[in-house]
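Hi there,

Here is the structure I promised to pass on. Please have a look, and my notes follow below.

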There are 2 protein chains.
Amino acid sequence: MIARVLVDGRAEDRVSVLDRGLAYGDGLFETIRFLGAKAPLWPRHMQRLQDGCRRLSLSVPAPAILLAEAQAVSRDLPQSVVRITLTRGTGERGYKPPVSAQATRIVAAFDPPPRDEAACAEGIRVRLCATRLALQPRLAGLKHLNRLEQVLARAEWDDPAIAEGLLCDADGLAISTTAANLFAVFGGVLATPAVDRCGIAGVARAEVLSARPHAQVRPITLKELRRADELFLSSSVRGILPVRELDGQAFAVGAVTRALQSHWRELGF
Amino acid sequence: MIARVLVDGRAEDRVSVLDRGLAYGDGLFETIRFLGAKAPLWPRHMQRLQDGCRRLSLSVPAPAILLAEAQAVSRDLPQSVVRITLTRGTGERGYKPPVSAQATRIVAAFDPPPRDEAACAEGIRVRLCATRLALQPRLAGLKHLNRLEQVLARAEWDDPAIAEGLLCDADGLAISTTAANLFAVFGGVLATPAVDRCGIAGVARAEVLSARPHAQVRPITLKELRRADELFLSSSVRGILPVRELDGQAFAVGAVTRALQSHWRELGF
């Protein structure tokens, strides 16, 4: 449930129908796990948001203002997920970005998803989605507001026993799940799909890659993925989730996954 | 300028920050040219909106309600462009479509763009965009709210003498411009790119195809496009626009283009 929201710093839960975030998905977002007033991955979220603003030519909001607003909206929640949405602001009809656009800044706090001990301990079940990710290098990696592919993919199943759906790209390479990044271990070597043609460069993914600097970032076919010794997902909201079943095939939860779960606990999660 | 807007039938110009149209671009839109209370292409807009709702599993609003609302918001304008936006409504955080989502319906009237006699008579200049359209058959043809590709493409130039930008797909096929569909005439035969892998199935395009039932819908390479005898754009807002220059190359305004401009006038535009 939503606890509190600020729009451009004001207590307000609505935006103009002329906002380009609504009209065209012209903006970015971050979903940030807070533990009280602290967000262990905050600097990575700000880094990605700034990279995204640069790539979309959006003005970059001051991180100190965003942090103050995130702490304000989440202050009554012992734990929370804060979503920061940044759009190109209101504009006239038409795709052309307005010269004088004032970005719209939406900061909203939500209750975190309930902690799922079984998922963390034993792993989750993942299906294979029929929806493929289109290849668009201009937008790849960004957490932008054009997310119909994820909506369509997530609508493919309704079974609560299936926690996630694996997304392949148009060429059949494994990329991510609908809302998390994907890691695989092959003979002790950690690898994650490149996200330079589609997919999102997750903040939790960046943390894993920083903790494991020898991890490989490369194309991974679905066929190769099925031969992995370990599979896990990374999510800034849900942390490190072992995969115990992919599309009917069983996987063991291994040492690399457990080590990264420990790392997550050391971060404070 | 926006004249008047209704959200779910109420005089209101804002929507919830939790609306999935804003959060994920989870919705569709139509931009409809009105002449007083009449919109000559109204049935085609309703047909496309219904097709889109079916493909995205959105509930279909009653056309009679949409028409009444479109006429209400535009009633003070002798001519107008009415934008109807339909989203999956508000939802909790997460891509999964809510089971009980109530669609959000936004109906807004705008002044039409100024009539450009020179553009209609002599044609417009079109540049070639570097931004390519990604191939996504699940979304191709739909006028959905995920329009960052068009925003990026339209941001590529600022010269007011250039009216439009040509978009190719990832394979280099010519598809459309940033905000209009594309037609070419080769030896008297009319052709328009297929939009089953990317692009938007324009309402004006449908009208042209209906008026010219022998027109070809097929892949058109950029190279082939440069050999066309005539080039024109179709837009529900701007009508039939001859192209007199594509990426520096001159084109003559021909008989097929003029005949379709006449057809547009006969429609009442």
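In which sense do strand 5 and strand 6 of chain A pair, and over how many bridges? Strand 5 (residues 79-87) of chain A pairs with strand 6 in the antiparallel sense, over seven bridges; two strands pair if DSSP finds at least two bridges between them. Within this pairing, A:Ala109 of strand 6 is the bridge partner of A:Val82.

Before going on, some housekeeping: this is a predicted model, where local features need pLDDT of at least 70 and side-chain atom pairs count only at pLDDT 80 or more, while totals for chains, interfaces and linings use all residues. Residues are numbered from 1 along each chain as its sequence is written, chains are lettered from A and ligands numbered from 1 in the order in which they are written, and side-chain values use heavy atoms, with hydrogens and water left out. Helices (H or I, at least four residues) and strands (E, at least two) are DSSP runs, numbered from the N terminus.

Back to strand 6 (residues 104-110) of chain A: seven of its seven residues are buried, so the strand is largely enclosed by the rest of the structure. Buried means under 20% relative accessible area, exposed over 50% and partly exposed in between, with a 1.4 Å probe and protein chains only. A:Thr104, A:Ile106, A:Ala108 and A:Phe110 cover one side, and A:Arg105, A:Val107 and A:Ala109 the other.

Now the interface. 61 residues of chain B are in contact (heavy atoms within 4.5 Å) with 61 residues of chain A. About 4900 Å² is buried between the two chains, 64% of it from carbon and sulfur atoms; this is the accessible area (1.4 Å probe) that two parts lose on being put together, summed over both. B:Arg93, B:Tyr95 and B:Leu148 supply 17% of the area that chain B buries against chain A, more than any other three residues.

B:Glu149, in helix 5 (residues 148-154), counts as buried at 15% relative accessibility. Its contacts beyond four places in sequence include A:Gln136 and A:Leu139. B:Leu133, 16 residues away in sequence, is 6.7 Å from B:Glu149, C-alpha to C-alpha.

B:Asp26 sits in the loop between helix 1 (20-24) and strand 4 (27-35) of chain B, and is buried with a relative accessible area of 0%. Among its contacts beyond four places in sequence are A:Leu148, A:Val151 and B:Arg20. The C-alpha atoms of B:Asp26 and B:His144 are 7.6 Å apart, although 118 residues separate them along the chain.

Best wishes
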